[in-house]
Amino acid sequence: MFENKVFKMKNLPNYITSIRLIFTIPLIIFLETNNVFFVWIIILFGGITDYLDGFIARKFNLKSKTGAILDPLADKVFTIIPFMWLCKYGIIPFWSLSILLIREFLISTFRGTKDNGLPALKIGKCKTLLQFISLVIYFSNFNHFQIQNIGIIIYWISFALTIVSIFCYLKIK
């Protein structure tokens, strides 16, 4: 019985990450139906669970190779889907989304070749944080044009970090 509780606790960060992945389904549905309020709630939930799973993994030393691969995957899926929606409506250009996708595929492939899953660099964490912030601001219930522009400006800052982080990860190799 005790071993079962230890096993569950050890996997808690991965369970939280898995829940974030599952929530991409309602995220897609609410984006397709233009239900921006629920998109905002789900993106906010995604950002909170991203912080929470990492915090628990570090605080209780529950890091795992699975988590090192699964968590960044969940981040990518959770941010790229709304960015695709923004691209679909011409809010962000296709070329920037393409570069972002290429970066994510390169880093994910590189991570898969490392024994420890290659934990994220600080610049990658900043990029992801800014991506979440840009989406939270853009999809906030404030229909004020300037508020949404702040979200887009933060997207471009995160995009710049996307480019810089490619070179930082390639330096490690």
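Modeller: Helices (H or I, at least four residues) and strands (E, at least two) are DSSP runs, numbered from the N terminus. The model is predicted: local features need pLDDT of at least 70, side-chain atom pairs count only at pLDDT 80 or more, and totals for chains, interfaces and linings use all residues. Residues are numbered from 1 along each chain as its sequence is written, and side-chain values use heavy atoms, with hydrogens and water left out.

Colleague: Which pattern does the protein chain follow along the sequence?

Modeller: The protein chain has 8 helices and 0 strands. Read along the sequence, its pattern is therefore α-α-α-α-α-α-α-α.

Colleague: What span is expected for helix 7 at 1.5 Å a residue?

Modeller: The expected span of a helix is 1.5 Å times one less than its number of residues. Helix 7 covers residues 122-138, which is 17 residues. From first C-alpha to last it reaches 24 Å, close to the expected 24 Å.

Colleague: Is Phe-167 buried or exposed?

Modeller: Phe-167 lies in helix 8 (residues 145-172). Buried means under 20% relative accessible area, exposed over 50%, and partly exposed in between (1.4 Å probe, protein chains only). The relative accessibility of Phe-167 is 53%, so this residue counts as exposed.

Colleague: How many Å apart in space are Phe-167 and Arg-103, C-alpha to C-alpha?

Modeller: In sequence, Phe-167 and Arg-103 are 64 residues apart. In space, their C-alpha to C-alpha distance is 10.0 Å.

Colleague: What is the relative accessible area of Arg-58?

Modeller: Arg-58 is found in helix 4 (residues 36-59). This residue is partly exposed, and its relative accessible area is 45%.
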